[in-house]
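Here is a short report on side-chain packing.

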Amino acid sequence: MSAFWSMSMNAGRKRSENEEQGGPGEQKASPARPPFGKKQLPSIPKNAVPVTKASSPALSTQAANGTHASYGPFYLEYSLLAEFTLVIKQKLPGIYVQPSYRSALMWFGVIFIRHGLYQDGVFKFTVYIPDNYPDGECPKVVFDIPVFHPLVDPVSGELDVRRAFTKWRRNHNHIWQVLMYARTIFYKINTMEPLNPEAAVLYDQDIQLFKSKVVDSVKLCNSHLFDQPKIDDPYAISFSPWNPTVHDEAKEKMFTHKRRPEDQPKGLQVSGLSWVKPGSTLPFSKEEYPLQT
């Protein structure tokens with residue numbers, strides 16, 4: 001029995017070694033996973049097959065950049081959603097922005113300037129995000145009407161964003177920083193390597209004439225606020241003249257004095273704006289109010 005047991009053990013070791021090494025062209029067998037092991041990610045749905053081989057040069061470039069190599073549009077959608085969430089959390093002063101209805105790669109925005117040379121200016125703009133975000137270049141900011149500014153192209157209205165983001169670094173640079181930069185240029189004028197040489201020269205050599213042209217530029221932009229958006233999109237930002245029957249109620253709510261916490265009766269629950277129906281945890285369960293016409 002002892003000799004037979006020894007021979008069986010040796011044969012078992014050799015067979016195990018041969019299985020681990022494998023012959024030519026054979027794949028190494030994967031060890032069986034325990035039913036209760038480490039936590040695993042949920043499986044990818046059948047209709048969302050990961051991109052493993054690019055079918056075109058464009059896809060090959062995207063795969064090389066790493067953005068669509070594993071998850072395709074799902075990763076891009078998640079990145080843009082995370083970026084917009086960061087914009088909301090930052091509460092950028094004087095800036096309002098919202099994604100396009102037709103494409104998440106295009107955001108509409110408006111900047112309100114409260115003081116300085118561009119005081120009372122209301123500048124509408126569009127943010128164009130690369131389709132390989134966040135591994136591509138910096139998003140572009142283009143004003144609907146070119147603003148008279150050293151860093152704004154007088155023809156296209158594009159803002160020189162690359163001077164602030166020479167190389168876009170994922171997980172380090174964010175779209176909210178681009179928006180904040182677009183606001184900062186109206187308070188801190190930079191004339192180095194301008195896109196509008198005339199504005200740069202006037203700012204350095206004739207500040208009074210520069211201010212005069214800025215005032216004219218602000219008036220021009222404000223005179224077109226009520227124009228229809230250049231891009232046909234239901235989420236494009238548009239302004240309408242004051243209508244008391246529509247806007248008075250909203251104004252009254254915004255300017256209503258809020259009670260101090262100590263003035264609130266105990267046990268009274270104060271709720272703010274929400275899309276969740278009271279007593280429910282289901283998102284968007286609250287009934288929408290009919291739109292006024």
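A nonpolar core is a set of buried Ala, Val, Leu, Ile, Met, Phe, Trp, Tyr and Cys residues joined through side-chain atoms within 4.5 Å. Buried means under 20% relative accessible area, exposed over 50%, and partly exposed in between (1.4 Å probe, protein chains only). This is a predicted model: local features need pLDDT of at least 70, side-chain atom pairs count only at pLDDT 80 or more, and totals for chains, interfaces and linings use all residues. Residues are numbered from 1 along each chain as its sequence is written, and side-chain values use heavy atoms, leaving out hydrogens and water.

**The core**

The largest nonpolar core has 40 residues. Ile 111, Tyr 118, Phe 123, Phe 143, Leu 159, Leu 179 and Phe 186 touch the most other members. Elements supplying at least two residues each include helix H3 (73-90), strand E1 (95-99) and helix H4 (175-184). Helices (H or I, at least four residues) and strands (E, at least two) are DSSP runs, numbered from the N terminus. H4 gives the most to this core, with five residues. Contact means heavy atoms within 4.5 Å. Leaving aside residues up to four places away in sequence, Ile 111 touches Phe 123, Phe 143 and Phe 186, among others.

**Aromatic rings**

The whole structure holds 14 aromatic pairs. Rings of Phe, Tyr and Trp (its six-membered ring) pair if their centres lie within 6.5 Å; planes under 30 degrees apart count as stacked, over 60 as edge-to-face and the rest as tilted. Two of the pairs are shown here.

| Pair | Centre to centre | Angle between planes | Class |
|---|---|---|---|
| Phe 112 and Phe 239 | 6.5 Å | 80 degrees | edge-to-face |
| Tyr 203 and Phe 210 | 5.2 Å | 75 degrees | edge-to-face |

Phe 112 lies in strand E2 (residues 106-112). Phe 239 sits in the loop between helix H6 (207-223) and helix H7 (244-255), 127 residues apart from Phe 112. Phe 112 is partly exposed at 22%, and Phe 239 is partly exposed at 26%. Tyr 203 is partly exposed at 27%, whereas Phe 210 is buried at 0%. Tyr 118, Phe 123, Phe 125, Phe 143 and Phe 186 form one aromatic cluster.

**Helices H5 and H6**

How do these two helices meet? H5 and H6 pack at an angle of about 135 degrees, with their axes 6 Å apart. Axes are lines fitted to C-alpha atoms, for helices over the stretch in contact, and angles run from 0 to 180 degrees between N-to-C directions. Residues meeting across this pair include Tyr 203 in H5 and Phe 210 in H6.
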